[in-house]
Amino acid sequence: MDIHQSILKVNNSIRAYQESHDLDLLNELILDLQQLLQHPDVTPETQPAILLNLGFYLRERFGRLGSLADLEAALERFQQAVALTPADSPDRPMYLNAWGNALRQRFERLGSLADLEAALKRYQQAVALTPESSPDRPMYLNAWGVALLERFERFGHLADLEAAIELFQ
């Protein structure tokens with residue numbers, strides 16, 4: 001199958017899953033994304049986007065089934081997407097934010113402060129790399145603020161609450 005057919009297959013799988021939310025279609029979509037990632041014609045420039053999608057749907061399956069292995073695999077994919085993306089790429093903040101979201105989700109599941117701290121770092125990096133005029137900036141600021149609120153709720157440090165309020169404004 002050539003690269004265009006592989007991409008079309010993934011797009012069709014995404015559409016089918018989004019319409020039905022059927023678990024079998026989600027599993028098929030993840031498999032299609034894994035196969036696309038291994039396609040010999042995938043370029044280094046397109047790998048991060050595929051990794052992002054694969055991570056997103058692995059997180060989706062984690063949310064449905066609760067298998068920590070899916071969340072761990074998603075974290076690896078997001079980390080790889082960031083590693084493969086140039087520091088000055090406009091897509092880098094999106095990958096950092098996705099990585100942060102998965103880290104925060106693992107914190108919520110396992111309670112490891114290291115995960116929450118790592119998520120905060122990713123959110124901070126995403127915001128720092130995002131221009132003030134970007135329509136994505138409020139989403140990144142919100143994610144950072146939510147993580148600070150979680151840390152405030154866990155430890156009660158007023159500075160976290162104040163920083164979160166500032167980010168939300």
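**Bridges and rings among the helices**

Let's start at Glu117, which is partly exposed at 32% relative accessibility (partly exposed lies between buried, under 20% relative accessible area, and exposed, over 50%, using a 1.4 Å probe and protein chains only). What you are looking at is a predicted model, where local features need pLDDT of at least 70 and side-chain atom pairs count only at pLDDT 80 or more, while totals for chains, interfaces and linings use all residues. Residues are numbered from 1 along each chain as its sequence is written, and side-chain values use heavy atoms, with hydrogens and water left out.

So who does Glu117 pair up with? Its partner is Arg151, in a salt bridge whose closest N and O atoms are 2.9 Å apart (a salt bridge is a side-chain nitrogen of Lys or Arg within 4 Å of a carboxyl oxygen of Asp or Glu). This pair connects distant parts of the chain: Arg151 belongs to helix α7 (residues 137-155) and Glu117 to helix α6 (residues 113-129), 34 residues apart. Helices here are DSSP runs (H or I) of at least four residues, and strands (E) of at least two, numbered from the N terminus. While Glu117 is partly exposed, Arg151 counts as buried at 18% relative accessibility.

In general, side chains of opposite charge can pair when their charged atoms come close. Searching the whole structure turns up 10 salt bridges. One of them joins Arg61 to Asp70, with the closest N and O atoms 2.8 Å apart. Here Arg61 is buried at 16% relative accessibility, and Asp70 is buried too, at 8%.

Another bridge stays within one helix. Glu108 and Arg104 meet at 3.6 Å, N to O. Why are they about one helical turn apart? Because they are four residues apart in helix α5 (residues 92-110). Glu108 is partly exposed, with a relative accessible area of 46%, whereas Arg104 is buried at 17%. Elsewhere, Glu72, Arg106 and Asp115 are tied together in a network of salt bridges.

Now for the rings. Two aromatic pairs are counted, taking rings of Phe, Tyr and Trp (its six-membered ring) with centres within 6.5 Å, and calling planes under 30 degrees apart stacked, over 60 edge-to-face and the rest tilted. Tyr17 and Tyr57 have ring centres 6.1 Å apart and planes at 90°, so they are an edge-to-face pair. They sit 40 residues apart, Tyr17 in helix α1 (residues 3-20) and Tyr57 in helix α3 (residues 47-65). Tyr17 is buried, with a relative accessible area of 2%, and Tyr57 is buried at 4%. Tyr57 also pairs with Phe56: their ring centres are 4.8 Å apart with planes at 90°, so this pair is edge-to-face as well. Phe56 itself is partly exposed at 43%. Together, Tyr17, Phe56 and Tyr57 make up one aromatic cluster.

A ring can meet a charge, too. The charged end of Arg122 sits over the ring of Trp99, 4.0 Å from its centre (for this, NZ of Lys or CZ of Arg must be within 6 Å of the ring centre and within 35 degrees of the ring normal).

Last stop: Arg77, in helix α4 (residues 68-84). Is Arg77 buried or exposed? Arg77 is buried, at 16% relative accessible area. Leaving aside residues up to four places away in sequence, Arg77 touches Leu51, Leu54, Gly55 and Leu58, where contact means heavy atoms within 4.5 Å.
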